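My entries follow in the order in which I made them.

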Amino acid sequence: MKKITKVLSVFLSVLMAMSVFVSAVSAEEAECTHEYVEETIAATCVEGGFTRYTCSLCGDSYEGDAVEALGHTYGSWIITKDETCAEDGVKYRECSVCDSSVSGHIEIGFVKAIGHDWDDGVVTEATCGQKGSTVYTCRNCGAQEIKDEKPALAHTYGEWVVVTEPTCTESGLKERTCSLCAETAEGHTQSEVISATGHDMQAKTVVPPEYKMQGYTIYECSKCGITENRDFTPALKGRVHSVELGEKIVVNYEEVAELNPVIDVDEDVAYSYSFRSDAENVATVDEDGNIIGKGMGKTVITCTVVDEYGNTETDTVEVQVKFTMANWMTIIRQVLQAAIDIVIGGLFGDVDFGGFLGGLFK
Ligand SMILES: [Zn+2]
Ligand SMILES: [Zn+2]
Ligand SMILES: [Zn+2]
Ligand SMILES: [Zn+2]
Ligand SMILES: [Zn+2]
């Protein structure tokens, strides 16, 4: 109980203090009789105006009698850029009241582009080398617009004409022109390179090989005349120079003598040789030079040497075939036997005795 009384007394004392303060303020307010002074704030182009009332005694103030902003008082439009067919015009106007520091003092305006006034167009037909089109021109500004484009037609070319003949080594040039269009038209003249013909090499002279020197064929171009050596053949290693069979040879009937030909031929040159007897019924000769006596008498044996290049050398030797004593004895015996045969033959038949003797002596 004692405690509640204490809280209440604090509350009451606070309440009392507040009431003293409030009565003091209202006492002062109540005291001012307010003598307001008017101040008129004029409206401008962009801001409204009003009247401010301020008490000259207590300084209390308020505003009233609001007036709307006047808005700018623009002069005439001034054109800075005339409108054209394609571009807008630009103009401005200035407020005669305010100065340039005020927003909207200058107003900028645009005048819409007029748009082109196209004419009926000029038609250009497509020709060879040149496109066709219709060109429209603006009656106002002269601007042009190309429409309805058509591709160029093909040229009608004539025959090729050779301007520069090609040579064996250098290319030539040919041209042809269109019969329809003018010389100035694009593609009116066409030119093309003619390839060089190349040489026409013909074999002219064969130079045979010589000792240690190659042979070759001289070729000449039938058109320009230049020459070139081609088709080389190996140099000659040499040749056969001679063959010698020596002195006369005597060989007995049915016996063999050997020929030893001495062949003079350069080193490394290939060659072959052969033998031939003029009368093979007297003596034969084989490929190795072996002579065989075939009948009494004389003959000539020839040795022919041919080298790898076809060079030929020959030599001859005389060969005599003789009968030995034994040969003669045989012959005599045969003659006698023949005689006997003739006698018998005379009795019994015909025998060719002459033919028999002829067979011995040739
Ligand atoms: Zn006052
Ligand atoms: Zn203004
Ligand atoms: Zn125009
Ligand atoms: Zn043409
Ligand atoms: Zn040539």
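Helices (H or I, at least four residues) and strands (E, at least two) are taken as DSSP runs, numbered from the N terminus. I note that this is a predicted model, in which local features need pLDDT of at least 70 and side-chain atom pairs count only at pLDDT 80 or more, while totals for chains, interfaces and linings use all residues. Residues are numbered from 1 along each chain as its sequence is written, chains are lettered from A and ligands numbered from 1 in the order in which they are written, and side-chain values use heavy atoms, with hydrogens and water left out.

**Entry: loop residue**

I found Ser101 in the loop between strand 5 (89–94) and strand 6 (106–111). Ser101 counts as exposed because its relative accessibility is 65%; the classes are buried under 20% relative accessible area, exposed over 50% and partly exposed in between (1.4 Å probe, protein chains only). The side chain of Ser101 makes a polar contact of 2.3 Å with that of Asp99. A polar contact is a pair of N or O atoms within 3.5 Å; within protein, one must be able to donate a hydrogen and the other to accept it, and residues adjacent in sequence count only if both atoms are side-chain atoms.

Donors are N, O and S atoms within 2.8 Å of the metal (3.2 Å for Na, K and Ca); water is not among the atoms, so sites may look incomplete. Cys138 is buried at 4%, whereas Cys141 is partly exposed at 43%.

**Entry: zinc ion (ligand 5)**

Here I read Cys168 (SG), His199 (ND1), Cys221 (SG) and Cys224 (SG), at 2.1 to 2.4 Å. The arrangement is tetrahedral because the 4 donor atoms subtend angles of 97 to 115°. His199 lies in the loop between strand 12 and strand 13 (201–207) and Cys224 in the loop between strand 14 (215–221) and strand 15 (227–233), so the pair ties together parts 25 residues apart in sequence.

**Entry: strands**

I saw strand 11 (residues 172–177) pair antiparallel with strand 10 (residues 161–164) over 3 bridges; pairing requires at least two bridges found by DSSP. Strand 11 also runs antiparallel to strand 12 (residues 189–194), joined by 6 bridges.

Technical notes
Four donors count as tetrahedral if all angles lie between 85 and 135 degrees; four count as square planar and six as octahedral if opposite donors are over 155 degrees apart and all others between 65 and 115; anything else is irregular.
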